[in-house]
Amino acid sequence: MAEFRMPSLGADMEAGTLVEWKVQPGDRVERGQVIASVETDKGLIEVEIWESGTVEAIDVQPGTKVPVGTTLARIRGEGKAPAPAPAPAPLAAPAPASAPPRPAHRKRISPAARKHAAAHGIDPETLEGTGPGGAVTIEDVERAAAAAPPPAPAAPDKTAAMRRAIAASMARSKREIPHYYLATEIELTAALAWLEEQNRGRPIRDRLLPVALLLKAVALAARDMKAMNGFYVDDAFRPGEGVHLGAAIALRGGGLVAPAIHDADRKTPAELMAALGDLIARVRTGTIRASELADPTLTVTSLGDLGVPTVYGVIHPPQVALVGFGRIGPRPFCVEGGVVARQAVVATLAADHRVSDGVQGARFLAAIDRLLQRPEAL
């Protein structure tokens, strides 16, 4: 019997709230199927199951907040026999005959006491009157109001919760990861000319943006430079199984998430463009999946569309590197003894000194530069 547990959707996550089950006991499930929705500090996440079988039992009900690792449901694997049925409960004693209905009558209450009860949101029919003939008095209302439970606490501030989660993750990163930073300026003349040619005749919705080439170049460079692509866990580096680029996406309400584009090195620029558009849309509608948050092996961030020339990021633990891109624009280049303006971008690298050093980082940035000079090969 397999256990479907509350997943960890980041190094900073300690608990999550089960919001919805998309299956019921007895339903068949397939590997990779979304079977539940979980609310975390990063928003609403769709959670997949990684074993095919049949839902044997559901252990946590919607609305319940549980720690990471808590068993949410149990799954019976394919070909396995169902769990034995529980022993039948002893027969219940016959229910006593119901009492005859009491004659309906209205509670005696003065107009002033009724008004007082309405002001406190109290139903006078629920009060025990101490006045003449059992009438409800103002004092009865005030006693009931004083004994009423305090109002429910306000709903949690999701933006504040996300800021706390980001603060915890980034504080851990700066505390535990010895960062080093590098930057290089990459000319994009060839890349932008290639994009213009590719976009000629394409509908606007299918046009490629420079970010597609930047992502592909990073993914290919990371495939060859394994020290930039993976995790630092238990005092050791663990290379990533595949290149799953985390794309930093800002949320409209504040905060950001960096879900993965899986196997980015195997996708064409057009496929990367489509995958990024799909991620952005689903992040902002709250339908991102658990595997997309838990899998990134290397994060890419860009603030170029906001006019920032250079961005130095903070590594998202337990990853070991982060690549940043600034604004694409004209910059002076020395060509044949003269100075000319060329379209370029500043690429930065924040890397973990426990895993790599500056020489490897410089080679990694040089590889990204070299790949972008031959966009037709991306």
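Is Ser 169 buried or exposed? The model is a predicted one, and in it Ser 169 has a relative accessibility of 3%. Burial requires a value under 20%, so Ser 169 counts as buried. Ser 169 belongs to helix H3, which covers residues 158-176. Between Ser 169 and Gly 326 there are 157 residues of separation in sequence, and their C-alpha atoms are 23 Å apart in space.

Two packed helices are described by the angle between their axes and the distance between the axes. For helix H5 (residues 210-224) and helix H6 (residues 269-285), the axes come within 8 Å and cross at roughly 110°. Angles of 65 to 115 degrees count as roughly perpendicular, and H5 is therefore roughly perpendicular to H6. On the H5 side, the contact is made by Val 211, Ala 212, Leu 213, Leu 215 and Lys 216; on the H6 side, it is made by Pro 269, Leu 272, Met 273 and Leu 276. Sorted by class, this contact of H5 with H6 contains eight nonpolar residues, one charged residue and no polar residues.

In soluble globular proteins, nonpolar side chains tend to be buried together. The largest nonpolar core in this model has 75 residues. Those with the most contacts inside this core are Phe 4, Trp 21, Val 218, Leu 245, Phe 364, Ile 368 and Leu 372. H5 supplies the largest share of the core, 10 residues. Leaving aside neighbours within four places in sequence, Phe 364 is in contact with Val 218, Ala 221, Ala 222, Met 225, Met 228, Leu 298, Val 323 and Leu 349. Another core, of seven residues, lies apart from the largest one; among its members are Ile 109, Ala 113, Ile 122 and Val 141.

The loops present contrasting cases. Thr 297 lies in the loop between helix H7 (290-294) and strand S17 (298-302), and at 1% relative accessibility Thr 297 counts as buried. Apart from neighbours within four places in sequence, the contacts of Thr 297 are Met 228, Asn 229, Gly 230, Phe 231, Gly 240, Gly 242, Val 243, His 244 and Gln 319.

Asp 235 is found in the loop between strand S10 (230-233) and strand S11 (236-239). Its relative accessible area of 71% makes Asp 235 exposed, and it has a positive phi of about 60° although it is not a glycine. Glu 336, in the loop between strand S19 (329-335) and strand S20 (338-352), is exposed with a relative accessible area of 84%. Glu 336 has a positive phi of about 50°, although it is not a glycine.

A further backbone feature concerns the peptide bond that joins Pro 317 and Pro 318, which is cis with an omega of about 5°. Pro 318 is placed in the loop between S17 and strand S18 (321-325).

Notes
Residues are numbered from 1 along each chain as its sequence is written. This is a predicted model: local features need pLDDT of at least 70, side-chain atom pairs count only at pLDDT 80 or more; totals for chains, interfaces and linings use all residues. Side-chain values use heavy atoms; hydrogens and water are left out. Axes are lines fitted to C-alpha atoms, for helices over the stretch in contact, and angles run from 0 to 180 degrees between N-to-C directions. Helices (H or I, at least four residues) and strands (E, at least two) are DSSP runs, numbered from the N terminus. Angles under 35 degrees count as roughly parallel, over 145 as roughly antiparallel, 65 to 115 as roughly perpendicular and the rest as oblique. Contact means heavy atoms within 4.5 Å. Ala, Val, Leu, Ile, Met, Phe, Trp, Tyr, Cys and Pro count as nonpolar, Asp, Glu, Lys and Arg as charged, and the others, Gly among them, as polar. Buried means under 20% relative accessible area, exposed over 50%, partly exposed in between (1.4 Å probe, protein chains only). A nonpolar core is a set of buried Ala, Val, Leu, Ile, Met, Phe, Trp, Tyr and Cys residues joined through side-chain atoms within 4.5 Å.
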